[in-house]
Amino acid sequence: MKPNKVSIEQLADAGFEIASKDETPIQYAERMEKEEKVNEAINSLPSEDLKIVARMFADSCSFSEIGRALGISKQAAHKKWEKAKELLRAKLQGYWNSINS
């Protein structure tokens, strides 16, 4: 009996995270570590900031759409986005410094 074979494309289509053909296993591991750190930082944001970030990235919403959804103005949504970016930058600064030194 021949063993079943599965292609990389089939694994990717099934939702398995795998290294691309253009990256080495070390590059893949580094990318996964970076993604994990960013996800941790995002998920540690205060609730209101997390809502803004989620709507920006996951839903691709405009500031007007975010403002309407959260009951705030477009300008307030933009201001909260800028605050969230600063919080993320501060949370990730030590990590970025450690991998770039």
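1. Aromatic pairs. The predicted model contains 2 aromatic pairs, where rings of Phe, Tyr and Trp (its six-membered ring) pair if their centres lie within 6.5 Å, with planes under 30 degrees apart counted as stacked, over 60 as edge-to-face and the rest as tilted. One of them joins Y95 and W96: the ring centres are 5.1 Å apart and the planes stand at 55°, so the pair is tilted. Y95 counts as buried at 12% relative accessibility, whereas W96, at 27%, counts as partly exposed. Buried here means under 20% relative accessible area, exposed over 50%, and partly exposed in between (1.4 Å probe, protein chains only).

2. Basis of the values. Residues are numbered from 1 along each chain as its sequence is written, and side-chain values use heavy atoms, with hydrogens and water left out. Because the model is predicted, local features need pLDDT of at least 70 and side-chain atom pairs count only at pLDDT 80 or more, while totals for chains, interfaces and linings use all residues.

3. Overall fold. The protein has 5 helices and 0 strands, and from the N terminus on the elements run α-α-α-α-α. Helices (H or I, at least four residues) and strands (E, at least two) are DSSP runs, numbered from the N terminus. Of the 101 residues, 18% count as buried. Among contacts with a separation of 6 or more, 48% are between residues 24 or more positions apart; contact means heavy atoms within 4.5 Å.

4. Nonpolar core. Which residues of the largest nonpolar core touch the most other members? They are V53, I66, W81 and L88, in a core of 13 residues. Such a core is a set of buried Ala, Val, Leu, Ile, Met, Phe, Trp, Tyr and Cys residues joined through side-chain atoms within 4.5 Å. Two or more residues each come from α2 (25-43), α3 (47-57), α4 (63-70) and α5 (74-99), and α5 gives the largest share, 5 residues. In soluble globular proteins, nonpolar side chains tend to be buried together.

5. Packing of α3 on α5. Axes are lines fitted to C-alpha atoms, for helices over the stretch in contact, and angles run from 0 to 180 degrees between N-to-C directions. Angles under 35 degrees count as roughly parallel, over 145 as roughly antiparallel, 65 to 115 as roughly perpendicular and the rest as oblique. On the α3 side the contact involves E48, D49, I52, V53, M56 and F57, and on the α5 side A77, K80, W81, K83, A84 and L87. By class, this contact has 8 nonpolar, no polar and 4 charged residues. For these classes, Ala, Val, Leu, Ile, Met, Phe, Trp, Tyr, Cys and Pro count as nonpolar, Asp, Glu, Lys and Arg as charged, and the others, Gly among them, as polar.

6. Packing of α4 on α5. Here too the angle is about 100°, and the axes are 8 Å apart; α4 and α5 are therefore roughly perpendicular to each other. F63, S64, I66 and G67 of α4 meet K74, A77, H78 and W81 of α5. The residues of this contact divide into 4 nonpolar, 3 polar and 1 charged.

7. I52 and I66. I52 lies in helix α3 and is buried, with a relative accessible area of 0%. Not counting residues up to four places away in sequence, I52 touches I66, L70, A77, K80 and W81. The C-alpha atoms of I52 and L70 are 8.8 Å apart, and 18 residues separate the two in sequence. With neighbours within four places again left aside, I66 is in contact with I52, R55, M56, C61 and A77.

8. A84 has its place in helix α5 and is buried at 0% relative accessible area. Beyond its neighbours within four places in sequence, A84 is in contact with L45, D49 and V53. A84 and I42, 42 residues apart in sequence, are 8.8 Å apart from C-alpha to C-alpha. The C-alpha atoms of W96 and K37, 59 residues apart along the chain, are separated by 9.8 Å.

9. Where is S60 placed? S60 is in the loop between α3 and α4, and is exposed, with a relative accessible area of 59%. Its phi is near 50°, a positive value in a residue other than glycine. Most residues other than glycine have a negative phi, and most peptide bonds are trans.
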